[in-house]
Amino acid sequence: MAMDITGLSASEKITLFSAWGLIRKDLDVHGRNMLLLLFHKYPHYVSYFDFTDDPTAQSLVDNKSLFSQSIHVIKAFGSLIEYGLKDPALFNETLKKITRFHEHRNVYSKDILTIGEVLLDYLAQVLGRQVSDSLPDAFRKLFATIASRFPAAPDVDTDEKDANITQLEDASQHQ
């Protein structure tokens, strides 16, 4: 199985194109619902987004900022599938732009994998029996490729240990 920069075989690409084709006509609704599912499963992700552009919204479901951002998220993802899987150079450039956009937003590879799992869960719910048996593997491979472009999360435990060691060293020097 020959693979290119996408990390996917031709049959995996076809699987992703097929699934995408089933939700493509209602991206606005699906994008919003995917983000709402992410926030339901992982509430801390709400803080990754700015929803202040719609101060009149009574809830996230009604928030036009969420609606707008979800359209951007789903279209960026869609462009990786629709255009990028056909043209690996375009896939690479699109992914560069996405990672550059998120560079200073503390988005890490583990976040991308989590979002991928939520999107896969959402697709399974929405598409039901239309989901091919090969979709989960193809989808996870795609998200592993995307996640590989994002930095690993900092090791908080190591930072705390380093801080404690520094404090101990400082204390011993002052004795």
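Predicted model: local features only at pLDDT ≥ 70, side-chain atom pairs only at ≥ 80, totals over all residues.
Local features were considered at pLDDT of at least 70 and side-chain atom pairs at pLDDT 80 or more, whereas totals for chains, interfaces and linings use all residues. Residues are numbered from 1 along each chain as its sequence is written, and side-chain values use heavy atoms, without hydrogens and water.

The protein chain contains seven helices and zero strands, where helices are DSSP runs (H or I) of at least four residues and strands are runs (E) of at least two, numbered from the N terminus. Of its 175 residues, 36% are buried, that is, under 20% relative accessible area with a 1.4 Å probe, counting protein chains only. Among contacts (heavy atoms within 4.5 Å) between residues at least 6 apart in sequence, 70% join residues at least 24 apart.

Leaving aside residues up to four places away in sequence, Phe 139 touches Leu 16, Phe 77, Gly 116, Leu 119, Leu 120 and Leu 123.

Gly 116, Leu 119, Leu 120 and Leu 123 are among the buried residues of α5. The cover over the buried residues of α5 includes α1, α2, α3 and α6. Just after α5, Gly 128 adopts a positive phi of about 55°.

How values were computed. Buried < 20%, exposed > 50% of the residue type's maximum accessible area, 1.4 Å probe, protein only.
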